[in-house]
Amino acid sequence: MSDLEVILREVEKPGRYTGGEWNSVVKDWASTPVKVALAYPDTYEIGMSNLGLMILYDILNRQPDILCERVYAPWLDMEARLREARLPLYSLETGHALTDFDIVGISLPYELNYTNALTILSLGGLAPLAAERRAEDPLVIAGGSGAYNPEPMAAFFDLFVIGEGEEVLLELVRLYADWKRSGGATGPRPKADFLRQAARIGGIYVPSFYAAEYDAEGRVKRTVPLVPEAPARVVKRVVPALPPPPTRLIVPYIQAVHDRAMLEIQRGCTQGCRFCQASTIYRPVRERTVDEIVRAADEMLLATGHEEISLVSLSSSDHSHIEEVVRALAERCAPKGVSISLPSLRADAFSVRLAEMVQTTRKTGLTFAPEAGSQRLRDAINKKVSEEDLLRTAEAAFSTGWNRIKLYFMVGQPTETDEDVEAIVDLVKKVVAVGRRYRGGRAQVSVSVATFVPKPHTPFQWEPLVDDETLRRRLEILRRGLRVKGVEFSWHDPGTTLLEAALSRGDRRVADVIYRAWQLGARFDAWGDAYRPEAWEQAWRECGLSPEFYGRRPRDRDEALPWDHIDIGVRKEFLWREAERCRAAMPTPDCREGCVGCGVNAALPLAGGTALCP
Ligand code: SF4
């Protein structure tokens, strides 16, 4: 038995590490010229539910001269066992170490898995710091929503892909292949030469070609390019029209978080919730047509055998033909016993009707996100749900047979007061009363509360994170107020909130903290049982930096931000105007009702000059 086989008998969930799943693509290693590993910095179960990685895996593997294999972060036991046995982290398709690939791409979906990216590199045989890697090492790149503020992770990557990867990744891999074929890899300054060429591709950010300057208080003054190839602002890439979705999705052996076929029906959202980073970075909205969706669903179900199909979108009920989509899919899926899920629905009666159309037999829970309890705060954060909407939605749901509604709220949003939090309690009680009227004692309302974390490129990017004392007091208001029969209350432990806020709005110097915390054992920081606050405290201290400086400090309008050189198309003036409207509790309409001037149409002229705005 090999060392690896011995290890796999001993670790938790060995199915995470074996590969060989249905629809995984195994190409001939020796005869395929370009080799790419795509890694996800979380467990297999979470990574397998990430559609972004699946899309890129599919695109790359469709190219005859490129192979693409997957790598996920090993859980703590597997990391320890691999290190003891001196075995490298390997790809699931062919078991090759990361050092055997030409390119290693790591997705950065969330700040609290940044340290796992370092584990992947180091366990794969690569120095985590880009400056310490050897000329013959693979090119190490990153993408995903974390790349929209690349600075805290800048020291670890050769380059970042800013925006949607569908086109740019292929351009980059082609450039790399040509450069390697033409002998560039053996030149005198191999990596720097390649990076200079890559920096000319739109949406590519090469951090080593920029320098950050700081003022006496330690705030970023500006980030300046150092070579002519590096643009002063890196404009995000968007695909003008969504390419056909991947349909031969890999079917995991062990239960993934989302164990179903995922079909993206639209990208982007026009509602403009002010706390939401996805709402700004994925603009403009692009929809798939009904035909495309139905065709893809047919192919997907045939290729995977899944019994559930999830219509992925930031706001499914906003698709302009959603009713047609749902009707067409329900007709095909019901006879086959396949269920349809609509994961993100607006709180309105229309959404309940949609849910009704897809729930043929089981009526499990329905989920809505009012985010705030009072109308004033919902106006301030631009969440377009009124109390009447929510109560009518609850009525529509409970009266048509649902027993359970799940509601998401956030605490700690800008301008929030204790009264706004008390209003959550009142609102939930009203929903429970509606439930009682229709379902009696069976009515259940589950309330899930998260802490607001300000994110780059949003109207709240200048706002401080709420202080601990206020946060705990507000959670206590909820804990006490929601001790009501039929209500189940859960909240995210706010312990990692400051860390998330600091990493999300950090500058280049934060890389030292991430590296040090990782050396001190920080792993899986989002997982309560793995989080090591003492490692982070020591790392911040040793690096002479503080998480409060990044997380809790309000910024003025004129302060340069560490991500100002990353251009998402949405103008900073628009974000500031939205922040001011928040302070005045003024909502801004959905831009499908008329452009509200975010600027993306002018900044990203697509498809021959026409922007794809609604
Ligand atoms: S430019 Fe106007 S229509 Fe287009 S995404 Fe921005 S606000 Fe919406």
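Predicted model: local features only at pLDDT ≥ 70, side-chain atom pairs only at ≥ 80, totals over all residues.
Residues are numbered from 1 along each chain as its sequence is written, and side-chain values use heavy atoms, with hydrogens and water left out.

**View 1. Helix α1 packs with helix α4.** Helices here are DSSP runs (H or I, at least four residues) and strands are E runs of at least two, both numbered from the N terminus. The axes of α1 (residues 3-10) and α4 (residues 76-85) come within 10 Å and cross at roughly 155°; axes are lines fitted to C-alpha atoms over the stretch in contact, and angles run from 0 to 180 degrees between N-to-C directions. The two helices are therefore roughly antiparallel to each other (under 35 degrees is roughly parallel, over 145 roughly antiparallel, 65 to 115 roughly perpendicular, and the rest oblique). On the α1 side look for L4, I7, L8 and E10, which meet M78, R81, L82 and A85 in α4; contact means heavy atoms within 4.5 Å.

**View 2. Helix α17 meets helix α18.** Here α17 (residues 510-519) and α18 (residues 533-542) pack at an angle of about 140°, with their axes 8 Å apart. That makes α17 oblique to α18. From α17, the contact is made by V510, V513, I514, R516 and A517; α18 brings A535, W536, Q538, A539, W540 and E542.

**View 3. E164 sits in a loop between a strand and a helix.** You will find E164 between β5 (159-161) and α6 (165-181). At 8% relative accessibility, E164 counts as buried (under 20% relative accessible area, with exposed over 50% and partly exposed in between, using a 1.4 Å probe and protein chains only). Leaving aside neighbours within four places in sequence, E164 is in contact with R237, V238, V239, R267 and R286. With the side chain of R286, the side chain of E164 makes a polar contact at 2.8 Å; such a contact is a pair of N or O atoms within 3.5 Å, and within protein one must be able to donate a hydrogen and the other to accept it, while residues adjacent in sequence count only if both atoms are side-chain atoms.

**View 4. T289 lies in the loop between β12 (286-287) and α9 (290-304)**. T289 counts as partly exposed, at 44% relative accessibility. A polar atom of the T289 side chain lies 3.1 Å from the backbone nitrogen of E292.
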